[in-house]
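Dear colleague,

Please find below the structure that I am handing over to you. My findings on its salt bridges and its cavity follow.

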Amino acid sequence: MKTFQQILTEEQESDPRFRAYWQRRAPAREFAIALLRYRAEHGLSQRALAKELGISQPRVAKLESGEHNPSVETIINAVRCLGIEFAIDIAPAGRRPALLSASARENEAVAHDEVAVRAVSVSAL
């Protein structure tokens, strides 16, 4: 049985359109994970999280889907309202990130053409 990572790698190697789509959505997936983690750690429904963020429940659902990259304003609002940290590091491919902490550097970068994108989040618990 193949792992998710093996299937994902095979798909990206065989389908350039899927590879490009997957790469573009890396920050969205990490932001979705940050919201889901916060919600789970605090026992919140999407409606309750929406209230904390000052947005609608359907907007929370859209952000948690990981299908749409959030705007900088949306990220700032979540950080301010929830007390989480969220960082996006974009650097030339193959370069070791210099602006992130050692633990943040452990997150795997997603190759995006000639740059590497790394998104990390930390809950304020």
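Glu10 forms a salt bridge with Lys2, with 2.8 Å between the closest N and O atoms; the term denotes a side-chain nitrogen of Lys or Arg within 4 Å of a carboxyl oxygen of Asp or Glu. Glu10 is partly exposed at a relative accessible area of 36%, and Lys2 is likewise partly exposed at 49% (buried is under 20% relative accessible area, exposed over 50%, partly exposed in between; 1.4 Å probe, protein chains only).

This is a predicted model, in which local features need pLDDT of at least 70 and side-chain atom pairs pLDDT 80 or more, while totals for chains, interfaces and linings use all residues. Residues are numbered from 1 along each chain as its sequence is written, and side-chain values use heavy atoms, without hydrogens and water.

The count is two salt bridges. In the other, Glu64 meets Arg39 at 2.7 Å, N to O. This pair links distant parts of the chain, 25 residues apart: Glu64 lies in helix α5 (residues 57–65) and Arg39 in helix α3 (residues 26–41). Helices are DSSP runs of H or I, at least four residues, numbered from the N terminus. Both Glu64 and Arg39 are buried.

As to the largest cavity, its lining includes Phe31, Leu53 and Thr74; a cavity is a set of points on a 1 Å grid over the protein atoms alone where a 1.4 Å probe fits but cannot get out, and lining residues have an atom within 4 Å of a point. Helix α6 (residues 72–82) gives the most to this lining, with three residues.

Note on methods
On a 1 Å grid over the protein atoms alone, a cavity is a set of points where a 1.4 Å probe fits but cannot get out, and a pocket is an open set with protein on both sides within 12 Å along at least five of seven lines; lining residues have an atom within 4 Å of a point. Helices (H or I, at least four residues) and strands (E, at least two) are DSSP runs, numbered from the N terminus.
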